[in-house]
Amino acid sequence: MRYEIKGGSFPVVTCYLENGESMITESGSMVWQTPNVKMETHGGGIGKMFSKALSGESIFQNTFTANGAGMVTFGSSFPGKILPLEIGPGKEMILQKGSFLAAQTSVELSIHFNKKLGAGFFGGEGFIMQRLSGSGMAFAEIDGELIEYQLGAGETLIVDTGNVAGFEVGVSMEIKQVAGLKNKLLGGEGFFNTVLTGPGKVWLQTMPISNVARAISRFIPAKTQ
């Protein structure tokens, strides 16, 4: 499968499919296609649909299959980047929930629970994430600009939780309190940060949609009875 990423602030990824090749995507992500690419909607069993809802996925997914050589294009839902990921043995990836855009059907998308309980109570996106395994190409949505770091063994990076886009499975993640009561109350950075520890690659995003939503909410008048 060949692909091409185009566009600026609102990028798209065009996937060129050979006869019989398929792509899976979240509901509503397709923006254009050739007429010989057929779509089928599926959801799976109750347990699988429940895990999808927990991990921020749409309950239903669409499969696009080419009848002959064809093309299908998927678009991002927020200004940012599209990150191509080559999944394979030893190259599984962990993404924040809602980041998955599309993948070949040989890539498996599943729920991933952070083992550190603090992430569940305070980490926001950090507790329930998405895991990509299997083999093939996958694409993730990044909010804002994409920054990449390669962490060595034992090397750490402190990040605001919403800015964590994803990381390789060798990277561990935990939530730690900001030091000092004055820092917590007056620093404006919240009470908790995410600590990523290598070895492995991490991807950070500069404009999390959750932060944008909070900033906009201050300018929306409260409803009156």
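1. In this predicted model, a salt bridge joins the side chains of lysine 6 and glutamate 4, at 3.8 Å from N to O. Lysine 6 is partly exposed, with a relative accessible area of 41%, and glutamate 4 is partly exposed at 34%. The whole structure holds 4 salt bridges.

2. Another of these pairs is lysine 81 with glutamate 145, at 3.6 Å from N to O. This pair connects distant parts of the chain, 64 residues apart: lysine 81 lies in strand 8, and glutamate 145 in the loop between strand 13 and strand 14. Lysine 81 has a relative accessible area of 32% and glutamate 145 one of 44%, so both count as partly exposed.

3. Glutamate 148 and lysine 201 also form a salt bridge, at 3.7 Å. Here strand 14 is linked to strand 19 (residues 200-205), and the two residues are 53 apart. Glutamate 148 is partly exposed at 47%, as is lysine 201 at 23%.

4. The partner of strand 8 is strand 13 (residues 136-143), paired in the antiparallel sense over 8 bridges. Within this pairing, leucine 85 stands opposite alanine 138 of strand 13.

5. On the surface, Met30, Val31 and Trp32 make up a nonpolar patch with about 270 Å² of accessible area together. Methionine 30 is in strand 4 (residues 30-33) and is partly exposed, at 31% relative accessibility.

Definitions and conventions. Residues numbered from 1 in each chain as written. Predicted model: local features only at pLDDT ≥ 70, side-chain atom pairs only at ≥ 80, totals over all residues. Heavy atoms only, no water. Pairing = 2+ DSSP bridges. Helix = DSSP H or I, 4+ residues; strand = E, 2+ residues; numbered from the N terminus. Patch = residues over 30% accessible without salt bridge, like charges linked within 9 Å, V, L, I, M, F, W, Y side chains within 5 Å. Areas by Shrake-Rupley, 256 points an atom, 1.4 Å probe, with all protein chains shown as cover. Buried < 20%, exposed > 50% of the residue type's maximum accessible area, 1.4 Å probe, protein only.
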